[in-house]
Amino acid sequence: MKKQKPKGYAFCREIKQSIEKYHMLETGDGVVAGISGGADSLCLLYVLCALQEEYKLRLAALHINHGIRGEEADADEEFVRRECEKLGVVFRALHRDVPALAAQWKMTEEEAGRKVRYEAFRGVVAELGYQKIAVAHNENDSAETFLFQALRGSGVRGLSGIVPIREEQGTTIIRPLLFVSRARIEEFLAEGGHPFCTDRTNLSKDYTRNRIRNELLPMAAEIVNAGAVSHLAQTAAQMYELSNFLQTQVEEAYQRAVKEGGAENKEISIDISVYKQLPLFLQQEVVLRAVGRAAGGGRDIARTHIEAICSLICAQTGRRISLPHKIFALRQYGQVLIAPKEGREQKMPQLDPGGYFCVDTIPKVLTFGQYELNLYLSESDLTVCCAKNEKNSLNERNCYTKCFDYGKIENILILRTKRPGDYIQINGGTHRKRLKDLFTDMKVPGEYRERLPLLTMGSHVLWAVGVRSSEGFLATENTKQILVVELKKRGKKLQWQKK
């Protein structure tokens, strides 16, 4: 007589197929499962126990009491404790006041609850010396997440829904139930006579995800297609596979287009010539990854920020935008630089010759006497340094050395040649004079006008080297900090220079 299969055998075999496909478990693994007492988590617990002998698993259950439902939550905790005792599973319970923590951390209760759970998971994993965390997300959760992300305007990664396995802070998180529906889970529990708890907060309309779960998905199944939930989850799974493929392409493009500064120098530069050869999607993804690396994560980095950085590619040298996490992006000659705002006083970039030369924002915090930068302009050396306004510091300078009031310089300085609209301030800084008119008055020969180095802030010329400096930024006796700029010419002096 053929031996009868135990109840739930087919269901557990189905779960095992997903486990094998995504390599969720290895023989001898230690697994901490999150068990709330609801249908999904109890199903997870029973399935792991059914597979325990086959995989030689060491199992533990973690229950979080979120401090929201009072006696009802205490009853759920006691129920999970009893079930674990019956199954011989190590039990851990943790009490946290999630509403109070959410207020303290300035986040929603959902976000605070997730943070509390995963911190608790990592604590128990470390305590027991286990390797993996198992959570009970199912097909419905994947469909819900896909729809939620789609309605928020997420990209390919967001539309991947919930992933079956991932690494986070040295721990592996697995989701064995991800490819089975909530209906199948309840059938399994009913077939085995397994009770479970119902969390009334899951029925509340105060949470966006609850409304998607309890209103939008059932409506889609009724009006559009009976298999809507399954179809959404399948699409999310396909997007996950697509995302993995695209990430290999992004990684290759990133390695070609981006240069990182290393542990001490956190600046990241994007090579514009390589960037322009990439397809639009890869351009945006390379920028997104670069910003994420500079910021230490992608949180608060929106599509508008990525588009703004991409627009710098077509902008003039010296354009700059501020970004979240105290970083900025700067258009330089042949590259876009992404770097933290702090620390820019320690090191300025060395620039290649040719075209426009960015002197960058002069740092406001500086150790005087320890800062000097050399830029190369054809056969000239431009030295920029900052010093205190001490006695004799405003001594007479030659026409290739100028002192400017450091405190008045607010925007990016560019060393370049002339452009339409350039002007200089005269008469103590009270009047503007067109650079074209200045050249005419100073009788600067035409062949020199096109290649004369100009130190500029936008269209305002601080210094037409060897000709005249703007009177709006000149250092005075009242200047607290002086920006000293000197151009040292190799070889002959400029013939048109006035004595």
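Analyst: Lys106 is exposed, with a relative accessible area of 77%. Here buried means under 20% relative accessible area, exposed means over 50%, and partly exposed is in between, using a 1.4 Å probe and protein chains only. The model is predicted, so local features need pLDDT of at least 70 and side-chain atom pairs count only at pLDDT 80 or more, while totals for chains, interfaces and linings use all residues. Residues are numbered from 1 along each chain as its sequence is written, and side-chain values use heavy atoms, with hydrogens and water left out.

Lys106 is placed in the loop between helix H4 (98-105) and H5. Helices (H or I, at least four residues) and strands (E, at least two) are DSSP runs, numbered from the N terminus. Although Lys106 is not a glycine, its phi is positive, at about 60°. Lys56 also has a positive phi without being a glycine, at about 55°. Lys56 sits in the loop between H2 and strand E2 (58-65), and it is exposed at 53% relative accessible area.

Two packed helices are described by the angle between their axes and the distance between the axes. The axes are lines fitted to C-alpha atoms, for helices over the stretch in contact, and angles run from 0 to 180 degrees between N-to-C directions. Angles under 35 degrees count as roughly parallel, over 145 as roughly antiparallel, 65 to 115 as roughly perpendicular, and the rest as oblique.

Take H1 and H2. Helix H1 (residues 9-21) packs against helix H2 (residues 39-55) at an angle of about 75°, and their axes are 10 Å apart. H1 is therefore roughly perpendicular to H2. On the H1 side, the contact (heavy atoms within 4.5 Å) involves Phe11, Cys12, Arg13, Ile15, Lys16, Ile19 and Glu20. On the H2 side are Cys43, Val47, Ala50, Leu51, Glu54 and Tyr55. Sorted by class, the contact of H1 with H2 has nine nonpolar, no polar and four charged residues. In this sorting, Ala, Val, Leu, Ile, Met, Phe, Trp, Tyr, Cys and Pro are nonpolar, Asp, Glu, Lys and Arg are charged, and the others, Gly among them, are polar.

H2 also packs against helix H3 (residues 71-87), at an angle of about 10° and with the axes 12 Å apart. H2 and H3 are therefore roughly parallel to each other. From H2, the residues Leu42, Leu45, Tyr46 and Cys49 meet Phe79, Glu83, Cys84 and Leu87 of H3. This contact divides into seven nonpolar, no polar and one charged residue.

Several of these residues are cysteines, which raises the matter of disulfides. A disulfide is a covalent bond between the sulfur atoms of two cysteines; the search takes any pair of cysteine sulfur atoms within 2.5 Å. The whole structure holds zero disulfides. For Cys43, the nearest cysteine sulfur is that of Cys12, 7.6 Å away. Cys43 is buried, with a relative accessible area of 0%. Cys310 counts as buried at 16% relative accessibility.

The next topic is charge. A salt bridge is a side-chain nitrogen of Lys or Arg within 4 Å of a carboxyl oxygen of Asp or Glu, and the structure holds 21 of them. Glu127 pairs with Arg92, with the closest N and O atoms 2.8 Å apart. Glu127 lies in helix H5 (residues 109-128) and Arg92 in strand E3 (residues 90-95), so the pair ties together parts 35 residues apart in sequence. Glu127 is partly exposed at 48%, and Arg92 is partly exposed at 27%. A further salt bridge joins Glu471 and Arg468, at 2.7 Å from N to O. Glu471 is partly exposed at 26%, as is Arg468 at 28%.
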